[in-house]
Amino acid sequence: MRQHASVVGMTLRKPCLRRYWWLLLLASPISASAQHQDLPPELPSLSSLPVDARLARTIESTRAIDNHAHPVLPPPAGSSDKDFDALPVDNMEPETDPAAWRADNPQLPAAWAALWGFKVSLPLDAEGLKRLQAARARVKAREKQHYAEWVLDQAAIGTMLANRVSMGPGIEAPRFRWVPYADALLFPFDNTGLAEATPDRAQFFPLEDRLRARYLHAVGLETVPATLAEYLSKVVTPTLEQQKAGGAVAEKFEVAYLRGFDFTDPTRAEADRIYANWVGRTRPDAAEYKVLQDYLFRYIARECGRLGLAVHLHTMAGGGGYFGVAGANPLLLEPVFNDAKLRKTRFVLLHGGWPFVREAGALLQKPNVYLDLSQETLSFSPKTLSGWLREWLETYPEKVMFGTDGYPLSDAMGWEESTWIANRNGREALGLALTGMLEDGEISRARAGAIAQAVLRNTAAALYEDRK
Ligand SMILES: [Zn+2]
């Protein structure tokens with residue numbers, strides 16, 4: 001990881017959404033009044049929300065499968081662990097952060113209190129941060145290698161899908177299941193030109209180049225082979241097979257940070273020609289390179305189907321002021337989902353597609369397309385999330401999965417706190433959506449309970465069964 005920017009002793013890291021969200025509270029107008037606030041009020045529990053009581057008990061007691069998160073290795077590796085994301089960039093240009101991500105989010109102290117018994121009012125100053133870190137360190141010292149599992153226990157998460165470059169001691173099956181990254185395989189040529197597109201991509205592509213070098217090393221190569229046939233047979237397929245053998249249950253694409261979802265369906269002959277023409281050369285023609293990427297995406301998706309690996313796609317407006325929101329519209333993926341050759345591949349739209357939540361919902365009609373609530377559960381209030389969640393549950397209830405996108409956002413908001421907050425919001429949103437359907441006579445109480453368990457656990461359990 002790069003050098004972190006540091007603000008009043010707080011270390012900034014880029015989250016999954018690639019943003020600086022942790023603003024300097026002491027300098028903000030909001031914080032001036034917050035300094036005089038008492039401890040934040042207790043957050044509402046499910047039982048205090050307008051949620052059916054029996055349904056609330058089901059939702060609270062179900063050990064969830066978290067479809068997507070970035071847990072960090074516990075001690076002794078924790079502080080040096082950099083594999084929790086393929087693109088852990090730390091110094092992106094600022095953007096306007098959504099309110100829920102700012103440091104005066106009252107859920108943050110609630111998470112500190114629940115996890116560490118650490119009670120403090122906002123804003124957290126440098127001394128408060130030290131005390132928070134000490135409180136967290138005490139739990140780490142107590143739990144040791146079981147620390148990450150302990151974090152899951154605090155959120156009633158039975159299993160977390162860990163989107164990481166590699167797994168390690170303490171982040172292991174059965175509580176954690178591996179989801180590695182496939183993007184580096186899409187860009188086998190010189191990426192200098194692509195990196196020039198935006199300041200963010202100038203940081204992303206060198207990281208992808210490094211990960212591809214790691215993948216090449218793992219298959220005994222130093223450079224990409226001379227032909228596409230060799231690249232597919234000696235690099236792409238063996239990498240996927242190695243990851244499958246290493247316990248992977250899905251492959252993750254965060255390609256929306258690198259280009260749009262407009263994948264065409266080129267012929268093999270076209271891809272062969274382009275590969276042979278540009279391999280080893282600098283600055284490949286952008287249009288031709290895109291055609292090769294399109295071919296590789298479908299090839300990898302098909303291989304994932306063959307190997308029983310699901311395909312995870314970041315589908316949400318991403319972080320960073322240069323993220324291409326329009327290119328992340330999941331409707332652009334419809335030709336891929338309608339490719340009969342890819343029907344054995346199960347696709348999961350991570351983060352529910354926001355802001356294209358209706359587009360994402362409509363795509364659930366495809367038999368092999370699912371979505372999850374990760375990151376939405378962190379970024380949106382339960383009430384807001386429950387609106388579009390209800391629409392999805394009214395249409396394709398067996399295609400929606402719970403998720404947090406727990407991520408080490410900063411020293412003050414680790415993957416532990418973000419997991420805890422998103423878990424809480426997600427369960428509350430589920431309770432609100434299903435209670436609405438129950439009260440409006442759309443479903444029985446038994447059906448509401450069954451849908452709750454499907455979202456929290458059963459759909460994911462079935463999806464990731466090894467189908468090979
Ligand atoms: Zn993520």
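The crossing of helix 2 and helix 15 is right-handed, a crossing being right-handed if the near helix is turned clockwise from the far one by less than a right angle and left-handed if anticlockwise. The model is predicted; local features need pLDDT of at least 70, side-chain atom pairs count only at pLDDT 80 or more, and totals for chains, interfaces and linings use all residues. Residues are numbered from 1 along each chain as its sequence is written. Helices (H or I, at least four residues) and strands (E, at least two) are DSSP runs, numbered from the N terminus.

The axes of helix 2 (residues 53–61) and helix 15 (residues 415–439) come within 10 Å and cross at roughly 150°, where axes are lines fitted to C-alpha atoms over the stretch in contact and angles run from 0 to 180 degrees between N-to-C directions. Helix 2 is therefore roughly antiparallel to helix 15 (angle over 145 degrees). Helix 2 contributes Leu55, Ala56, Ile59 and Glu60 to the contact, and helix 15 contributes Arg427, Leu430, Gly431, Leu434 and Thr435; residues are in contact if their C-beta atoms, placed from the backbone, lie within 7 Å.

For the protein, 52% of the 468 residues count as buried.

The secondary structure comprises 16 helices and 10 strands. Among contacts between residues at least 6 apart in sequence, 76% join residues at least 24 apart.

Notes:
Angles under 35 degrees count as roughly parallel, over 145 as roughly antiparallel, 65 to 115 as roughly perpendicular and the rest as oblique. Two residues are in contact if their C-beta atoms, placed from the backbone, lie within 7 Å. A residue is buried if 20 or more other C-beta atoms lie within 10 Å of its own, exposed if 12 or fewer, and partly exposed in between; C-beta atoms are placed from the backbone.
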